[in-house]
Structures are given as C-alpha cells and as structure tokens.
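Trainee: I should like to learn how to read the features of a protein model. May we go through one together?

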Amino acid sequence: MRGWMRPLILSALMLGAAPFTAGSALAQGTGAQNSGKPAPGKEAAGKEAPKKVAGSAIAQVSFSDQPFPLQDDGTYKEFMGVAAADINRRCTKLESYGWEFKKGDDARRDQILDSTLSGFRKAGWKMGEVKVRSIRDPGTTAYTAEKAKKRLLAVWTPMEDAAIMLLCETEAAQATKK
C-alpha cells in the first residue's frame with residue numbers, strides 16, 4: 001500500500017513540490033471507504049470499477065464531470081485546517097474528489113475546473129479566488145464560496161494526469177474559542 005505517500009501530498013500542496021503522480025493519489029483514495037480497489041482503468045478482471053459521485057453533499061452541487069471520492073487518512077483534513085486558519089476560518093465538514101485525464105491534457109483539466117466552478121455558480125454560490133499563505137504551490141488555487149449564511153473553502157490542485165479538489169464547510173475561527 002502507498003500509505004506513506006499521503007504526508008507527501010500535504011507537503012506538496014504546502015511547499016509547491018510534486019513528489020507523486022496523480023494516479024497514485026487517486027488509487028489510494030477511491031471510494032467512500034477504503035475498498036482496496038485499484039485506480040480506474042486498472043481493475044482486475046471481473047472486478048467493478050470504483051464509483052464516481054454525482055455531486056457534493058456539502059454544497060448541494062452536481063458535477064457535470066463526475067469525480068472519484070477520495071478517502072482521507074487525516075492528511076486532507078490537516079491541510080484544509082491550516083488553509084482555513086489562514087483565512088480566519090475553521091473547517092467543519094470535508095469532502096475530497098479526484099478526476100483523471102490523459103497526461104498533459106491541459107484542455108481537459110481546465111474544462112473540468114471550469115465546469116465544476118460553473119456548477120457552483122449555477123447553484124447560487126458566489127465564488128472568489130483567495131490567497132492562502134500556507135499554499136505555496138503556484139498551480140494550486142483556493143476559492144471561497146458563499147451562499148446564504150454558508151461559507152465553503154475549496155482547494156484545486158491540478159497535476160499531469162489528474163486533479164484533486166478538497167472542499168470544506170467553514171465557520172468563523174473565533175467560534176471555536178470559549
């Protein structure tokens with residue numbers, strides 16, 4: 001198992017390095033539970049491919065390009081906690097998604113991001129890019145989304161043959177102090 005790679009994902013996002021392939025990141029986390037299934041396209045004979053998700057439960061948004069849900073061993077939660085603190089927020093619920101595409105297919109990668117952001121906007125979310133101090137990778141982009149009294153933080157990380165989106169519902173950081 002490639003469990004040792006999870007801490008590298010956090011380091012890569014924060015330091016701007018890319019020490020792993022996207023396929024390995026997706027292979028580690030497909031499915032809502034760790035099913036031990038291989039990455040899409042690498043299924044053993046007679047085994048079912050990992051399921052994609054239709055949309056985000058937190059945001060109540062459908063995905064036109066359906067991603068694979070990624071399992072979190074705590075690395076994504078830790079990363080998003082630091083990112084949210086940078087904008088004076090605290091993550092309460094977290095979702096993580098991954099998309100695969102052909103290596104170097106920048107047009108496909110951009111189309112996935114554009115359709116995902118468009119889905120949020122169509123569902124009534126006001127989206128805005130935000131600078132997060134702890135994210136040093138120039139390719140990783142953070143967004144806030146606001147709708148009614150709900151605020152989300154989304155982090156988009158594109159790679160050569162995949163992309164990851166981490167999404168958390170947030171609340172004011174002060175709300176945790178007593």
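**Reading the model**

Mentor: Let us begin with contacts, meaning heavy atoms within 4.5 Å. Of the contacts in the protein between residues at least 6 apart in sequence, 59% join residues at least 24 apart. This is a predicted model, in which local features need pLDDT of at least 70 and side-chain atom pairs count only at pLDDT 80 or more, while totals for chains, interfaces and linings use all residues. Residues are numbered from 1 along each chain as its sequence is written, and side-chain values use heavy atoms, with hydrogens and water left out.

Trainee: How many helices and strands are there in the protein?

Mentor: Helices (H or I, at least four residues) and strands (E, at least two) are DSSP runs, numbered from the N terminus. The protein has 4 helices and 8 strands, and along the sequence they follow the pattern α-α-β-β-β-α-β-α-β-β-β-β.

Trainee: What percentage of the residues count as buried?

Mentor: Buried means under 20% relative accessible area, exposed over 50%, and partly exposed in between, with a 1.4 Å probe and protein chains only. Of the 178 residues, 47% count as buried.

Trainee: How many aromatic pairs does a search of the whole structure find?

Mentor: Rings of Phe, Tyr and Trp (its six-membered ring) pair if their centres lie within 6.5 Å; planes under 30 degrees apart count as stacked, over 60 as edge-to-face and the rest as tilted. The search finds 3 aromatic pairs. Phe63 and Tyr97 form an edge-to-face pair, 5.0 Å centre to centre with 70 degrees between the planes. Phe63 is in the loop between β2 (61-62) and β3 (68-69), whereas Tyr97 is in strand β4 (residues 89-100), 34 residues apart. Phe63 also forms an edge-to-face pair with Trp99, at 5.9 Å and 85 degrees. Because Trp99 lies in β4 and Phe63 in that loop, this pair ties together parts 36 residues apart in sequence. Ring pairs link Phe63, Tyr97, Trp99 and Trp156 into a cluster.

Trainee: Why is Trp99 counted as buried?

Mentor: Trp99 counts as buried because its relative accessibility is 3%. Phe63 counts as buried at 5%.

Trainee: What span should helix α4 have?

Mentor: The expected span of a helix is 1.5 Å times one less than its number of residues. Helix α4 (residues 106-122) has 17 residues and should therefore span 24 Å, which agrees with the 24 Å between its end C-alpha atoms. Its buried residues, among them Ile112, Leu113 and Phe120, pack against β2, β4, β5 (126-130), β6 (141-147), β7 (150-158) and β8 (162-172). Just after α4, Gly124 takes a positive phi of about 95 degrees.
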